[in-house]
Amino acid sequence: MASRPSPPPPVPVRRPGQVTAPRHPPAPGGTRPPAPPGSAGLCAPPSPPGGALAPGGGAGRGRGAGLGGAMGGFALLLLLLLPPRAAGGAAVCGLCPGPPRKGSIVAQFCASQAGTESEGRCCRERGARPERLLGLDLSNCSLRSLPPGLAEAAAAIVLDLTENPLTDPPSGSFLGFTLLQQLAVPLPLECPGGSSAWEEVTTSGSSRLCQGQRNPCNGSGELAWPCPENAACAPDGPGLIQCLCDSPFHGYKCLREGTFPVLLFCGVLGAITLSLSLLLWGTQRRKAKTP
């Protein structure tokens, strides 16, 4: 009986537009041989013409830009609501090199007080958190005007500005120095607030010493700026006052009664921040979608 011939091997059908890569026998060791030149990109999707973005790329970048805008707005809201950090006076302590000068009123005060230590030209209270600045010695620092960071030493009790070619400072230079009890200035300068703002004013050599700051609200003379109704006078530095609203009044000239609307203020501020974030997100997304 004649044997039936074996059927021919199937011929692969090539579809229109389909490119087939040539087959290679497996290399020894089971490793695949390197692909021939030009065949590396056969399975890779074609890139869009003209350098256009792939589908979904613009939307992804738009969502990323919108998320970044929202996070930036939230961070700005936190910065506005958080209370400012109290300055420790570290910058003003390093305006002049070395410790407080020997014989200055700051060095004498720091040596007479227990639990104090020197840091630069400052005398601080040891162990306090935050460390309280008690004295500042800026004598012989070649200062022609008061340094901008002097407000950091507003809690000082003793301040020495002698042996400096200082000019007359503005009237509000010592605003907030309510605890200041001893101030030494060059002889050509007057005590801040005038002699009436201090209990005792003495001169010695080339310096003038102002001692014992008075409370201008307790004086018999008439105040230069009388406080409005529903407000009380409070000292705010040598010869300076401030008007504090009595509870529960607040606002301009203490005319508004009741507590400050904290929830309303935070709600309005949060709504404005959210609206700006959404506006930025929409504009950035639209720009990302356009080619």
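Predicted model: local features only at pLDDT ≥ 70, side-chain atom pairs only at ≥ 80, totals over all residues.
**Disulfides**

I began with Cys245 and Cys254: the torsion about their S-S bond is about -80 degrees, so the disulfide is left-handed. The sulfur atoms of Cys245 and Cys254 are 1.9 Å apart. I took a disulfide to be a pair of cysteine sulfur atoms within 2.5 Å.

Residues are numbered from 1 along each chain as its sequence is written, and side-chain values use heavy atoms, with hydrogens and water left out.

Next I looked up how Cys245 and Cys254 sit. Buried means under 20% relative accessible area, exposed over 50%, and partly exposed in between, with a 1.4 Å probe and protein chains only. Cys245 is partly exposed at 33% relative accessibility. Cys254 is buried at 4%.

How many disulfides does the structure hold? I found 7. I went through two others.

Cys93 and Cys122 form one of them, with sulfur atoms 1.9 Å apart. The angle about the S-S bond of Cys93 and Cys122 is -100 degrees, and the link is left-handed. Cys93 lies in helix 2 (residues 90-93) and Cys122 in strand 2 (residues 122-125), so the pair ties together parts that are 29 residues apart in sequence. Helices (H or I, at least four residues) and strands (E, at least two) are DSSP runs, numbered from the N terminus. Are Cys93 and Cys122 buried or exposed? Cys93 is buried, with a relative accessible area of 3%. Cys122 is buried as well, at 0%.

Cys191 and Cys210 also form a disulfide, again with 1.9 Å between the sulfur atoms. Their S-S torsion is about -95 degrees, so this disulfide is left-handed. The pair links distant parts of the chain, 19 residues apart: Cys191 is in the loop between strand 5 (182-186) and strand 6 (198-204), and Cys210 is in strand 7 (residues 207-213). Cys191 is buried at 5% relative accessible area. Cys210 counts as buried at 0%.

I also checked Cys266. Cys266 is partly exposed, with 29% relative accessibility.

**Strands 8 and 9**

I then turned to the hairpin. Strand 8 (residues 231-235) and strand 9 (residues 241-245) run antiparallel and are joined by 5 bridges. Two strands pair if DSSP finds at least two bridges between them. Which residue of strand 9 stands opposite Pro235? Ile241 does. The hairpin has 5 residues between the strands, and there Gly237 takes a positive phi near 130 degrees.

**Salt bridges**

I counted salt bridges next. The structure holds 5. The criterion is a side-chain nitrogen of Lys or Arg within 4 Å of a carboxyl oxygen of Asp or Glu. Side chains of opposite charge can pair when their charged atoms come close.

Glu163 forms a salt bridge with Arg101, and the closest N and O atoms are 2.9 Å apart. The pair links distant parts of the chain, 62 residues apart: Glu163 is in the loop between strand 4 (158-160) and strand 5, and Arg101 is in the loop between helix 2 and helix 3 (105-112). Glu163 is partly exposed at 45% relative accessible area. Arg101 is partly exposed at 29%.

Glu117 forms a salt bridge with Arg126, the closest N and O atoms being 3.7 Å apart. Glu117 counts as partly exposed at 29%, and Arg126 counts as partly exposed at 49%.

Glu119 forms a salt bridge with Arg124, with 2.7 Å between the closest N and O atoms. Where do the two partners fall? Glu119 is partly exposed at 34% relative accessibility, whereas Arg124 is buried at 4%.

**Surface patch**

Last, I looked at the surface. Leu264, Val268, Ile272, Leu276 and Leu279 form a nonpolar patch, with about 490 Å² of accessible area together. Patches are made of residues with over 30% relative accessible area and no salt bridge; like charges are joined within 9 Å, and nonpolar side chains (Val, Leu, Ile, Met, Phe, Trp, Tyr) within 5 Å. The areas come from the Shrake-Rupley method with a 1.4 Å probe, and for residues only the protein chains shown count as cover. Val268 lies in helix 4 (residues 262-289). Val268 is partly exposed at 43% relative accessibility.
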